[in-house]
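Hi,

Here's the structure I promised to pass on.

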Amino acid sequence: MMSGYIRYHGLLLPPVAHTMKSLEFAQNFAVQDSDVFAVTYPKSGTIWMQEILPLVLNGGDLTPIHTIPNWDRVPWLEESRLASVVDQLVSPRALVSHFPYNLMPPSFSTSKAKVIYVMRNPKDLVVSSYYFHQMAEFLEDPGTFDEFVDKFLEGRVLFGKWTDHMKSWMNAELGDRIMYITYEDMLQDLPAAVRRISNFLGRNHSEEVIQKIAEHCSFKAMKTNTMSNFSLVPKIYMDNDKSHFFRKGIAGDWKNHFNSEQLARFTSVIQKELEGESFSLPWNM
Ligand code: A3P
């Protein structure tokens, strides 16, 4: 297992994809008005939105989904691949990012670029992250689940505290440039979620196109799409024998992992950190 994160504005990032050069590239990135960003805290449904976005933007043409690996199709703003593929991206460009709002490049603020912020119940997210740390060899060993819960609550994990990330984007005041959606909304009714995204991006696709996109972006379809399921990634980086990236794809798995003491600790820390905020969480904590 490789380890040793880099620190950037107080956030821990894995060096395999993030370098000082890539972070500088992100800061100097010239955002275009037609750009669309899928932004998430890790394990909230990033790869899912990464699959949906280009299909909504191109009207349901599956060609890119079947020919280009997702990390080049919809690159990460903060990762080193961006510099090598940026010239091949056609407008309207779709990008993903785990950045909190304050780390977005200055050109983002002055642009009309849009953001879809995907959120997930933090109890499920921490479970998903725990298993991801076991299979992603570029991440530090998560330790026991109990230890990992503490690390998560203290922000000693990738991209820092979940509550800070939420606060930054929930208070971003981007008006009609931002759409908020939950992982659970997408699970409950994927066609409805795709319809909302399509309307948000001014596409207003037909029901036929919406259904086609939703079908392609189901857990089952994505899990078998080699351009999206990370099977092209060498085992030294992601070891599918330990856990799968497409692990369960459900809501409520936290009930199989948290004991009552962990649950009480988790809930009290999250509630305390969000005290006084003007937004409320879309889940019962
Ligand atoms: P689980 O580990 O709970 O299964 P991210 O892309 O932000 O890293 O999030 C990964 C999580 O999203 C994983 O959760 C993964 O299974 C889930 N996921 C990815 N695509 C999905 C889909 N089409 N439907 C449901 N869940 C999906």
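The largest nonpolar core has 68 residues; a core here means buried Ala, Val, Leu, Ile, Met, Phe, Trp, Tyr and Cys residues joined through C-beta atoms within 7 Å. Buried means that 20 or more other C-beta atoms, placed from the backbone, lie within 10 Å of a residue's own. Ala38, Ile52, Leu53, Val56, Val194 and Ile213 have the most contacts inside this core. Helix α2, residues 46-58, gives the most to it, with eight residues. Ile52 touches Val194, Ile197, Ile213 and Cys217, leaving aside residues up to four places away in sequence; touching means C-beta atoms within 7 Å.

Keep in mind that this is a predicted model: local features need pLDDT of at least 70, side-chain atom pairs count only at pLDDT 80 or more, and totals for chains, interfaces and linings use all residues. Numbering starts from 1 along each chain as its sequence is written.

Now the ligand: 21 residues surround it, and the closest are Thr46, Ile47, Ser128, Arg247 and Gly249.

Of its 285 residues, 38% count as buried. The C-alpha atoms fill a box of roughly 50 × 40 × 40 Å along the principal axes.

Cheers

Conventions: Buried ≥ 20, exposed ≤ 12 C-beta atoms within 10 Å, placed from the backbone. Helix = DSSP H or I, 4+ residues; strand = E, 2+ residues; numbered from the N terminus. Contact = placed C-beta atoms within 7 Å. Near = placed C-beta within 6 Å.
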